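Trainee: I am new to this one. Please put it up, and we can go through it in turns.

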Amino acid sequence: MAACSVEALLAKAEQDEAEKLRSISVLKELDLEFDVGNLLACDKNRIESRAFREQKKEDFLKALARDNTQLLINEIWKQPTERVQEAIVAKLPEPATRLPREKPPPKPRPPTKWEEFAKLKGIQKKKKTNLVWDETAKEWRRRWGYKRAKDDTKEWLIEVPETADPNEDQFAKRVKAKKERVAKNEFNRLKNIARAQKVKVPGVGLTPKAQQSKDELAQAVSVARTSTASVGRFQDRLPKEKPPKNQGKKRKFEPLIGDFSSEKNKQLELLKVLDSKKPKLDITKAVNKQMREEDREEAAAKHKRGAGKKGRKGNMAGKGKGKGGGKGKGGGKRRGKPGKR
């Protein structure tokens, strides 16, 4: 019994070993085509119809899937491997099979107006570092955002420029300028989106409304008329149409030949204005303004004195009238009878 049991154990061990060897080695008439980058295996072998009929469909398909999966895993472990966090992983090559997409690939974003201008002029964007040295804090800080370097919003004192009004609030002026910059950037962003979507942006003053007034309609007609190549010069007029108003002034250009003394004087005046830090003072205008203020103060003082004298005269006249009236009332009662005049 002992011998039989040993032989049985050896036979079982050999069978188990054969099953293990069979589990990792699969024989196929035709080799599979692998795309390891996509974890794809294509089996072109012919399916045996007899085996498919004799076995159950589920068992047959499971065995076929198991064999093909084993071949794919064997192919994966032929690739170079590395250890990542106590685990051995295989480096997959680039995919060779182009798989279809569910949706079309996204279209590239159209360039903005500034990007088109930079490309035309050959302007290249320079990458800036994120950190900047701040001399006030004596440390490296971010270039933008929270706790940025050279943050002028944290200043408690602002120097008033020489050309500015001394009574003007510089803090409010700075806040207003920042709001205008933010609004301008947002407006440019919306214009870029409209240009990318090929949506026409209405001009200033001609935005569409539910109900437009008569002046707005007239302005829209005038703009449409002058939008031709001849600026509306050869445009036919409607019957009983009035000539357009407020067409604007035509620009006048200096002649290209002749006397250049006037142009020279203009350029010299411009250089004088740019060279002087302080604004140009008009003495005549300043003297006239001071004289008007003095005349206004003198007139106000004279009016005040006249009003005071008039008030005193009125009080004196009121007192005398009251006394005389009292006598008259008393005398009237004594002279006449009641009910007669």
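**Questions on the model**

Mentor: Leaving out neighbours within four places in sequence, Cys-42 is in contact with Leu-32 and Glu-33, where contact means heavy atoms within 4.5 Å. This is a predicted model, in which local features need pLDDT of at least 70, side-chain atom pairs count only at pLDDT 80 or more, and totals for chains, interfaces and linings use all residues. Residues are numbered from 1 along each chain as its sequence is written, and side-chain values use heavy atoms, with hydrogens and water left out.

Trainee: Does Cys-42 count as buried, partly exposed or exposed, and which is its strand?

Mentor: Buried means under 20% relative accessible area, exposed over 50%, and partly exposed in between (1.4 Å probe, protein chains only). Cys-42 has 33% relative accessibility, so Cys-42 counts as partly exposed. Strands are DSSP runs of E with at least two residues, and helices are runs of H or I with at least four, both numbered from the N terminus. The strand that holds Cys-42, residues 40-42, is β2.

Trainee: What is the relative accessible area of Asp-134, and which residues does Asp-134 touch?

Mentor: Not counting residues up to four places away in sequence, Asp-134 touches Glu-139, Arg-141, Ala-149 and Lys-150. Asp-134 is buried because its relative accessible area is 5%.

Trainee: Which residue in β6 is the bridge partner of Trp-133?

Mentor: Two strands pair if DSSP finds at least two bridges between them. Strands β5 and β6 (residues 139-142) run antiparallel and are joined by four bridges. In the hairpin of β5 and β6, with four residues between the strands, Lys-138 takes a positive phi near 60°. The bridge partner of Trp-133 in β6 is Trp-140.

Trainee: How many Å does helix α5 reach from its first C-alpha to its last?

Mentor: Helix α5 has 27 residues, numbered 170-196. The expected span of a helix is 1.5 Å times one less than its number of residues. For α5 the expected value is 39 Å, and the reach is close to that, at 39 Å.

Trainee: How many helices and strands are there in the protein?

Mentor: Along the sequence, the pattern is α-β-β-α-α-β-β-α-β-β-α-α-α-α. The protein has eight helices and six strands.
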